[in-house]
Amino acid sequence: MEEVLWKACDALRGSIEPSEYKHVVLSLIFLKYAGFHFEKRRKEIIAEGLEDFVDSVEFYAAKNVFYLPETARWSYLKENAKQPNIASIVDKALSEIEKENKPLRGALPNNYYSSLGIEAEKLGSLLDKIDGFDSILASADGNDIIGRVYEYFLSKFAIKEGKGKGEFYTPKTIVNLIAEMIEPYEGKIYDPCCGSGGMFVQSMKFVESHHGNRRKVSVYGQEYTKTTFKLAKMNLAIRGIAADLGDYAANTFTDDRHKDLKADFIMANPPFNQKDWRADNQLTDDPRWVGYDTPPTSNANYGWILNMVSKLSSNGVAGFILANGALSADGTEGAIRQKMIERGLVEAIVILPNNLFYSTDISVTLWILNANKKAKVIVRNGEEIHYRDREKEILFMDLRKRGIPFEKKYVQFATETISEVAQVYHNWQREGHTGTYADVPEFCYSASFDEVKENGFSLVPSKYIEFVNRDEVVDYDTRMKELQTELADILQKELESREAVLNVFKSLGYEIKL
């Protein structure tokens with residue numbers, strides 16, 4: 001079914017820009033999903049002898065089903081699939097669904113299909129392809145399959161759009177790793193830059209796979225890009241996940257929609273090395289930076305970090321991805337990092353392989369922050385979990401050679417690798433886990449506060465993990481700065497040399513311009 005639909009997307013080629021494909025296809029998948037469950041619930045209401053309430057929104061909302069006016073139902077769209085104004089009909093259907101269902105306000109495209117100028121024949125053909133979802137939706141795990149189809153398309157579109165784009169999607173392999181490490185069983189989960197909602201989807205999958213209760217999890221997020229905000233709301237709706245993403249797409253820094261939130265778990269993949277994220281005189285006294293220096297305008301990395309730190313509950317844990325430069329950045333960023341380490345916030349640093357992301361090939365790191373690294377006991381599903389006192393230690397892990405090939409030019413983690421990494425981390429954290437923790441050359445090392453202090457509060461893993469191949473010990477950030485200095489010196493000498501030659505010619509009466 002996925003491949004059939006993907007080929008159907010190719011039929012759109014020439015009609016619209018490739019970057020628009022995902023919005024066209026995913027909105028139609030949502031309409032099919034909503035239509036199927038509406039018809040199913042409608043039959044149930046009639047079978048219960050409640051025909052008088054067959055058009056009551058509340059009777060659908062009570063079962064987490066969206067109420068659809070007649071012209072928004074899939075059967076109506078199917079009947080009109082060959083009409084020349086099918087684009088307007090789809091737009092009207094989406095608009096009517098939003099009006100009738102409060103949770104979908106701001107989630108669906110507005111006058112989108114008509115504005116694209118897409119050929120009616122191609123749009124009708126796509127509707128016919130998606131109409132074949134009935135057998136899947138009728139199966140026992142139909143909802144999950146549709147969710148998987150939606151996720152499949154998000155990933156395929158992200159790969160298709162490639163570098164510099166595709167930021168709306170965090171590869172599932174990375175999200176799985178974060179979830180297995182920080183274990184978001186119950187409580188409030190927050191993502192300050194939630195993209196298409198993948199962190200929330202995987203959190204719920206984690207809860208289900210570990211026999212937890214989804215009702216004990218509440219979801220909070222924010223997204224800046226309007227089209228991505230809509231993708232997230234549709235994605236979560238298909239999964240049956242209730243979430244507070246704010247009333248509209250907004251900038252987390254300048255329009256924080258969750259100012260008073262204290263989250264138990266934070267999962268995020270912020271934009272890497274975001275420049276000019278605030279004006280020089282903007283947000284200088286923001287309460288999120290209290291106790292720290294104000295993050296520099298040149299790079300938002302530590303702005304994202306401190307936003308998340310400010311949102312952590314007393315036992316909160318955060319897992320997020322950042323570009324490697326944040327591990328050793330100096331100046332204001334270095335001062336912020338030092339204070340975080342001194343306060344015992346940094347729990348683990350996991351360096352990841354290149355080419356995990358579809359939008360960039362730069363090397364990235366998974367950070368885990370913990371607001372309470374002291375010895376403690378947590379009761380989960382009736383079982384006591386005892387944590388060691390790791391307040392003065394940081395676990396470093398190197399996964400650069402742990403990836404396996406994926407889609408020819410990318411890599412991902414095998415399920416076994418994710419399980420191994422999570423187990424090592426939990427062994428390090430806990431008393432009496434599945435095994436005892438031990439440092440492993442070229443893989444993991446538990447560094448003391450004093451060691452980190454001696455290294456200038458750098459969090460570059462190669463400064464701590466033992467490597468048999470000494471080339472691996474190179475601090476690439478420091479080496480890059482050295483090479484930049486050497487190159488600047490060479491260029492300066494070249495300029496001076498050229499200037500000397502010009503002066504010789506000038507002394508001979510020649511005027512030469514380069």
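A nonpolar core is a set of buried Ala, Val, Leu, Ile, Met, Phe, Trp, Tyr and Cys residues joined through side-chain atoms within 4.5 Å. Buried here means under 20% relative accessible area. The model described is a predicted one.

**Nonpolar cores**

- The largest nonpolar core has 56 residues, and those touching the most other members are Val24, Leu28, Phe30, Val90, Tyr113 and Phe153.
- Two or more residues of this core come from each of helix 2 (21-47), helix 4 (74-79), helix 5 (86-100), helix 6 (112-116), helix 7 (120-130), helix 9 (142-161) and helix 12 (226-239).
- Helix 2 supplies the largest share, 13 residues.
- Another core, of 50 residues, lies apart from this one and includes Ile182, Cys194, Phe206 and Ala232.
- Not counting residues up to four places away in sequence, Phe30 touches Phe66, Leu104, Leu108, Met234, Ala237 and Ile238.
- In soluble globular proteins, nonpolar side chains tend to be buried together.

**Helix 14**

- Helix 14 spans residues 331-342, 12 residues in total, and its first and last C-alpha are 17 Å apart, close to the 16 Å expected at 1.5 Å a residue.
- The buried residues in helix 14 include Glu333, Gly334, Ile336, Arg337, Met340 and Ile341.
- Viewed down the helix axis, the buried residues of helix 14 fall within an arc of 160°, so they line one face of the helix.
- These buried residues pack against helix 13 (301-311), strand 6 (346-351), strand 7 (364-370), strand 10 (393-398) and helix 16 (449-454).
- Gly344, which follows helix 14, has a positive phi, near 75°.

Methods: Residues numbered from 1 in each chain as written. Predicted model: local features only at pLDDT ≥ 70, side-chain atom pairs only at ≥ 80, totals over all residues. Heavy atoms only, no water. Buried < 20%, exposed > 50% of the residue type's maximum accessible area, 1.4 Å probe, protein only. Helix = DSSP H or I, 4+ residues; strand = E, 2+ residues; numbered from the N terminus. Contact = heavy atoms within 4.5 Å. Expected span 1.5 Å × (residues − 1). Arc of directions from axis to C-beta.
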